Structure formats: structure tokens, C-alpha cells
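The following questions and answers show how terms are applied to a structure. Please consider each one with the model in view.

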Amino acid sequence: MRSTKLERAKQAYTDEARRLAAQSMAQLEEARVTPDTLTISGVALCIAGSVAVWFEYAGWGFYWIGAVLFVVGSVLDILDGALARSRGIGSPFGAFLDSTVDRVGEGFMIGSIGLVLMRHDRMWGVALAFAAIAGSFLVSYARARAEALGLKGAVGLGSRAERVVVITAGLVLAPISDLVLPITMALLATTAWITVVQRILFVRKQLRTMA
């Protein structure tokens with residue numbers, strides 16, 4: 001029952017995201033923006049967001065600035081592939097660049113949160129940030145390796161979209177309490193590592209079926 005509810009919730013916001021993406025795509029088509037431009041702009045905004053979060057000591061508003069920049073950058077990074085497919089100009093290098101910079105933007109943001117936790121002497125939160133960044137990287141790596149073997153790997157609870165939502169929510173709520181960011185890292189690490197296990201088991205299941 002719980003799994004069904006999670007799947008329904010995930011499907012609901014996925015459908016809404018696709019609707020908003022379709023509207024954005026129409027505007028991008030008119031602007032004649034290239035997919036690579038979106039890719040670079042997206043990672044640049046995510047990095048800028050991580051820098052803003054680092055300056056949280058100057059005021060809690062920097063958390064929100066970082067959250068906005070991170071969300072916009074992540075959305076642009078999601079739209080670049082869709083734009084390339086809609087125009088029929090996708091290339092192997094473009095796909096490689098897209099998947100690579102995905103890790104860069106997310107890595108910078110989690111790293112910045114880890115540094116903020118270190119500043120606030122939340123060392124257990126720093127450890128969770130390390131676990132979160134390792135898990136998030138492995139989630140993408142597991143899918144890439146599965147697809148390199150000709151298998152499906154896009155399963156699990158904590159895909160990139162979910163990680164973006166968790167990180168953003170943590171940044172927005174961070175001014176409420178010093179515990180918000182450590183809890184966010186705990187949630188991020190837990191969902192990421194669960195997803196890694198789910199993908200490993202899913203690949204093993206496919207391989208056993210093929211044997």
C-alpha cells in the first residue's frame with residue numbers, strides 16, 4: 001500500500017513536471033536556444049547556487065537564493081536533452097556532456113551544504129553529506145552501467161528529480177532550524193543508497209531472466 005502511494009505521488013509530480021516542461025519547450029523553440037547552451041547555463045546556475053549557500057552566514061536569505069538558482073539550473077539541465085530530441089540534433093557528445101555536468105552541479109551543492117554544516121559544527125551532518133554525494137553519484141553510475149550492458153536501469157526511489165526536490169526543500173526550510181540540513185542530508189543519503197540497491201537488484205533480475 002505504501003509503495004503504491006509513493007508511486008502515485010511520484011507519477012503526479014512527474015506528470016505536472018512534463019506539462020510545465022512542454023510549455024517551456026515551446027518558449028525555447030521560439031528563442032532558438034541550443035541544447036549545449038542550456039547544459040552549460042544549468043550547471044553554471046547550480047554552481048552559483050552553491051556559492052550563495054556558502055554565504056548563509058551573511059543572512060538566511062542566501063539559502064533561498066541558492067535554492068532558486070539550483071532549481072532553475074536543474075530545470076535547464078533537464079530541458080536540454082528534451083530540446084535536442086525535439087529538434088533532432090542530439091549527438092553522443094551532447095549526451096555525454098549532459099550526463100557529466102549533472103554530477104557537477106549536484107556535487108557542488110551538496111559539497112557546499114557539507115561546508116556549511118562544518119561551519120556550524122554539525123560533524124555528523126558532514127558525514128551524511130559525504131554519504132549523500134557518494135550515493136547520488138552511484139545512482140547515476142548504476143543506471144549508466146546497466147544501459148551500457150543493454151539493460152534498463154532507471155528504477156528506484158531516489159532519481160535525480162527526487163534529489164533536486166529534497167535538496168531544494170532542505171534549503172528553503174534551512175532557516176527554521178540548524179537540524180534541517182543534516183536531516184536533509186540523511187534523507188538524501190538514505191534514498192540514494194536505497195536506489196542504488198534497487199538498481200543492482202533490478203539488473204540482476206534482468207540478467208537472470210536472460211540466462
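Q: Are Glu-106 and Arg-160 buried or exposed?
A: Both Glu-106 and Arg-160 are buried. Buried means under 20% relative accessible area, exposed over 50%, and partly exposed in between (1.4 Å probe, protein chains only). This is a predicted model, in which local features need pLDDT of at least 70 and side-chain atom pairs count only at pLDDT 80 or more, while totals for chains, interfaces and linings use all residues. Residues are numbered from 1 along each chain as its sequence is written, and side-chain values use heavy atoms, with hydrogens and water left out.

Q: Why does Glu-106 count as buried?
A: Its relative accessibility is 2%, so Glu-106 counts as buried.

Q: What makes the contact of Arg-163 and Glu-106 a salt bridge?
A: A salt bridge requires a side-chain nitrogen of Lys or Arg within 4 Å of a carboxyl oxygen of Asp or Glu. The N to O distance between Arg-163 and Glu-106 is 2.5 Å, so the pair is a salt bridge.

Q: Which parts of the chain does this pair link?
A: Arg-163 lies in helix H6 and Glu-106 in helix H4, 57 residues apart. Helices (H or I, at least four residues) are DSSP runs, numbered from the N terminus. Salt bridges that share partners join Glu-106, Arg-160 and Arg-163 into one network.

Q: Why is Arg-119 called partly exposed?
A: Arg-119 has a relative accessible area of 32%, and therefore it is partly exposed. Its side chain meets that of Glu-56 in a salt bridge (2.6 Å, N to O).

Definitions and conventions. Helices (H or I, at least four residues) and strands (E, at least two) are DSSP runs, numbered from the N terminus.
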